[in-house]
Amino acid sequence: VVILAIESSCDETAAAVVKNGRQILSNVISSQIELHKLYGGVVPEIASRKHIEKINQVIEEALEQAGAVLDDMDAVGVTYGPGLVGALLVGVAEAKAISYAKKLPLVGVHHIEGHISANYIEHPELEPPFLCLVVSGGHTHLVIVKEYGEFQILGRTRDDAAGEAFDKVARAIGLGYPGGPKIDKLSLEGNPYAIDFPKGKIEDAPYDFSFSGVKSAVLNHLNRCRMQGEEIVAADIAASFQRSVVEVLVEHAISAAKDYHMDKLAIAGGVASNGALRRGMEKACQENGIHFYYPSPILCTDNAAMIGTAAYYEYKKGTRHGWDLNAVPNLKLGER
Ligand code: ATP
Ligand code: MG
Ligand code: FE
């Protein structure tokens, strides 16, 4: 089964050709980061317009790199939520047009199911059930992947997503957008124990997260330094903030793995490329006899290969969408 996959939920226009779920024949990503940098974050209207400009070209490239044409495809997979409505609509309209013109089955995919599925690509042995920590720009979920496309959500963030916290703190210490990778890099030069920022825990909800408190603590720290004329050591702030976030993510994931007797743990989403998170989780998993899985950085951030993988397992289960498929900006994980 060869699937053409399309992703346009945020600021990446992406297309991929995926064979039998785990074999990536092509994976083309056109990022708009340079454009949105100017504004310090993604501007929805600009994102939609750029998707329209790029999408045909990105799909053509994906087919060309795969050495294929549309007639070789068995289905079209597309992200239909969650995300920016205008951005999603571009991919959905494109997928519907191709599906209609080429009489191909249409499979709508949940963006976060895509992020989780990125783990299947480089780990042929990974199959459900396993525990997955989803840490992206808009989501922080701790979920049990019970079956392909079937999820039990154990915990989630009560406020900011992990990636969002990275981006906001990066902006506060003047690192620019997107902040995650910059904090990751700067932290290598800082002392993670320089400042004791609070940890985002919620009483009586052992698997939930909260990152707005850490973010406020960073802002308070900056204000205090400025008022008292103390030196602001950005590297120490970055490293200490990152430690606080990573420790909570690791602790919650490991305790959930133990409580639910999961011997496989995966991470997914943009923040899954974070060096400290990977090292921390690797170590904790080793100590607890848990197999640890994570995707390559290029498969952690938004891409269409992961959507093709998710679409394949949905396709195998019989998921088919009609040409009335619409973008669903707040689609819940596990909904169809
Ligand atoms: P969602 O998937 O929730 O809809 P999104 O698609 O915008 O949101 P992703 O593309 O999965 O999010 O990830 C982008 C996020 O990952 C950004 O917040 C970015 O700062 C963060 N990120 C990327 N690399 C790193 C890193 N090395 N360390 C920390 N955060 C990172
Ligand atoms: Mg993005
Ligand atoms: Fe994403």
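Where is Pro-178 found? Pro-178 sits in the loop between H5 and H6, and the bond joining Tyr-177 to Pro-178 is a cis peptide bond, with omega about -10°.

## Ground rules

This is a predicted model, in which local features need pLDDT of at least 70, side-chain atom pairs count only at pLDDT 80 or more, and totals for chains, interfaces and linings use all residues. Residues are numbered from 1 along each chain as its sequence is written, while chains are lettered from A and ligands numbered from 1 in the order in which they are written.

The H and S labels are DSSP runs numbered from the N terminus: helices are H or I with at least four residues, strands are E with at least two.

## Around ligand 1

Let's start with the ligand. A residue is near a molecule or strand here if its C-beta atom, placed from the backbone, lies within 6 Å of it. There are 24 residues around ligand 1, and the ones that come nearest are Gly-137, Gly-138, Gly-163, Gly-180 and Gly-270. By class, the shell has 5 nonpolar, 16 polar and 3 charged residues.

H6 gives the largest share, 4 residues.

Val-135 is placed in strand S6 and counts as buried, with 32 C-beta neighbours inside 10 Å. The burial rule uses C-beta atoms placed from the backbone: 20 or more others within 10 Å means buried, 12 or fewer means exposed, and anything in between is partly exposed. Beyond four places in sequence, the contacts of Val-135 include Thr-140, Gly-163, Leu-249 and Ile-267; a contact means C-beta atoms, placed from the backbone, within 7 Å. Asn-274 lies in the loop between S9 and H9 (275-287). Asn-274 is buried too, with 28 other C-beta atoms within 10 Å, and it touches Gly-180 and Asp-184, leaving out residues up to four places away in sequence.

## The sheet and its helices

Five strands make an open sheet with mixed pairing, in the order S3-S2-S1-S4-S5. S3 (23-31) and S5 (106-110) are at the edges with a single partner strand each, so one side of each has no neighbour in the sheet. Neighbouring strands are turned by 20° against each other on average, direction ignored. Strands pair if DSSP finds at least two bridges between them; S4 (75-81) and S5 have 5 bridges, in the parallel sense. One of the bridge partners is Leu-106 in S5, which goes with Val-76.

H4 lies across S3, S4 and S5, at about 95° to S5. The axes are lines fitted to C-alpha atoms, for helices over the stretch in contact, with angles from 0 to 180 degrees between N-to-C directions. H4 is mostly covered, with 11 of its 12 residues buried. H11 (305-316) lies across S1, S2, S3, S4 and S5, and runs at about 125° to S1.

## Spots worth a look

Ala-266 is in strand S9 (264-268) and counts as buried, with 25 C-beta neighbours inside 10 Å. Among its contacts beyond four places in sequence are Asn-119, Phe-130 and Tyr-294.

The bond from Pro-128 to Pro-129 is also cis, with omega near 0°, and Pro-129 is in the loop between H4 and S6 (130-135). Two non-glycine residues have positive phi: Asn-20 at about 45° and Asp-204 at about 65°. Asn-20, in the loop between S2 and S3, counts as exposed with 11 C-beta neighbours inside 10 Å. Asp-204, between H6 and H7 (212-227), is exposed with 5 other C-beta atoms within 10 Å.

Technical notes
Ala, Val, Leu, Ile, Met, Phe, Trp, Tyr, Cys and Pro count as nonpolar, Asp, Glu, Lys and Arg as charged, and the others, Gly among them, as polar. Two residues are in contact if their C-beta atoms, placed from the backbone, lie within 7 Å.
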